[in-house]
Amino acid sequence: MALQLSHAVSDGIRRTLTRTGGILFVGFLVIQFGIQTAVNSAVLGYLPPEAAAQFGRNAGLALPISGTAGLALFGALIILSSAYFVILSRTFAQPLSEMSTFPATATQRLGRATAIALVGGLIVSITVMIGFFLLFLPGLFFAASFLFFIFAVAVEDLGIIGSLKRSWGLARGSRLRLGVLVVVSALFGGVIGGVAPLLDLAGVPVAADVVTVVLTTVFFLPYYAIIASAYRQLGDERGAPGRSTPESVDTSQVPEL
């Protein structure tokens with residue numbers, strides 16, 4: 001059976017509006033602010049002193065640190081972000097009735113899952129980027145096919161190849177509907193790409209960074225919750241091989257629209 005997209009959207013929003021969803025929102029917000037600040041700090045830190053003084057007024061959120069320190073901070077936050085998305089995936093993929101708390105498996109084998117998410121996420125990003133560069137449709141196809149990669153890693157404890165195959169299999173027959181989610185996220189990226197430069201031109205770079213981070217968090221947290229709901233739908237229909245726990249994905253807690 002194909003994905004019920006309206007069901008996934010409504011269920012994903014309900015997951016976001018729980019107490020646990022609120023905690024995940026704050027965590028996402030903090031990480032995004034950290035990454036934005038680290039990028040700005042690294043760029044300013046590597047500029048010559050004269051150029052840094054000139055561009056510093058338009059740098060937005062930044063710390064008075066060297067470029068090397070800024071780059072190290074960025075790397076640490078990327079690793080932290082990967083660990084966060086493992087926890088987020090495990091949390092949003094649990095039954096809706098249990099969303100008041102984090103699952104007992106939230107940090108289980110977190111180091112292994114984080115490493116796989118980092119390497120596999122890079123592979124997925126490069127694949128999708130090449131697809132979009134060569135022709136738009138292949139990029140959209142690959143993006144839709146690998147939407148569930150992080151959930152296969154986090155929830156089913158699969159390796160890189162196993163997670164890629166699992167995501168590909170779950171997306172089969174529902175790629176057009178999943179492609180809608182990919183297009184919506186791309187459109188949102190375009191909106192952010194237009195708003196931030198306008199605020200920069202208005203002479204408020206810090207406000208531009210704050211608006212970008214807040215809007216990104218407000219959009220992408222429910223976006224991942226919707227993908228988690230879609231994963232639950234399709235995973236329940238097709239089974240979940242390779243799970244590290246006997247629990248299966250089940251959508252019985254959520255009424256169909």
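Is Arg 166 buried or exposed? I looked this up before anything else. Arg 166 is buried, at a relative accessible area of 11%. I use buried for under 20% relative accessible area, exposed for over 50%, and partly exposed for in between, with a 1.4 Å probe and protein chains only.

**Ground rules**

I am working on a predicted model, where local features need pLDDT of at least 70, side-chain atom pairs count only at pLDDT 80 or more, and totals for chains, interfaces and linings use all residues. Residues are numbered from 1 along each chain as its sequence is written, and side-chain values use heavy atoms, with hydrogens and water left out.

**Entry: salt bridges**

I searched the whole structure and found four salt bridges. The criterion is a side-chain nitrogen of Lys or Arg within 4 Å of a carboxyl oxygen of Asp or Glu. Side chains of opposite charge can pair when their charged atoms come close.

I went back to Arg 166. Its side chain meets that of Glu 156 in a salt bridge, at 3.0 Å from N to O. Arg 166 lies in helix H8 and Glu 156 in the loop between H7 and H8, so the pair ties together parts that are 10 residues apart in sequence. Helices here are DSSP runs (H or I, at least four residues; strands are E, at least two), numbered from the N terminus. Glu 156 is buried too, with 0% relative accessibility.

Next I looked at Asp 157. Asp 157 forms a salt bridge with Arg 112, at 2.8 Å from N to O. This pair links distant parts of the chain, 45 residues apart. Arg 112 sits in helix H5 (residues 110-134), and Asp 157 in the loop between helix H7 (149-154) and helix H8 (160-171). Arg 112 is partly exposed at 32% relative accessibility. Asp 157 is buried at 11%.

I then returned to Glu 156, which is buried. Salt bridges with shared partners join Arg 109, Arg 112 and Asp 157 into one network.

I also checked helix H1. Asp 11 and Arg 15 form a salt bridge there, with the closest N and O atoms 2.9 Å apart. Why are Asp 11 and Arg 15 separated by about one helical turn? They are four residues apart in helix H1 (residues 5-16). Asp 11 is buried, with a relative accessible area of 2%. Arg 15 is buried as well, at 0%.

I stayed in helix H1 for Thr 16. Thr 16 is buried at 14% relative accessible area. What does Thr 16 touch, not counting residues up to four places away in sequence? I listed Gly 21, Gly 22, Phe 92, Leu 221, Pro 222 and Ala 225. Contact means heavy atoms within 4.5 Å.

Ile 13 is also in helix H1. Ile 13 is partly exposed, with a relative accessible area of 40%. I took its C-alpha separation from Tyr 224 as 9.8 Å, for residues 211 apart along the chain.

**Entry: aromatic rings**

How many aromatic pairs does the structure hold? I get 19. Rings of Phe, Tyr and Trp (its six-membered ring) pair if their centres lie within 6.5 Å; planes under 30 degrees apart count as stacked, over 60 as edge-to-face and the rest as tilted.

I picked Phe 132 and Phe 136 from the pairs. Their ring centres are 5.2 Å apart and their planes are at 50 degrees, so the pair is tilted. Phe 132 is partly exposed at 32%. Phe 136 is partly exposed at 47%.

Then I took Phe 148 and Tyr 231. Their centres are 6.2 Å apart and their planes at 45 degrees, so this pair is tilted. Phe 148 lies in the loop between H6 and H7 and Tyr 231 in helix H10 (residues 205-238), so the pair ties together parts that are 83 residues apart in sequence. Both residues, Phe 148 and Tyr 231, are buried.

I noted one aromatic cluster formed by Phe 28, Tyr 84, Phe 85, Phe 188, Phe 219, Phe 220, Tyr 223 and Tyr 224.

I also looked at Trp 168. The charged end of Arg 175 sits over its ring, 4.7 Å from the centre. That needs NZ of Lys or CZ of Arg within 6 Å of the ring centre and within 35 degrees of the ring normal.
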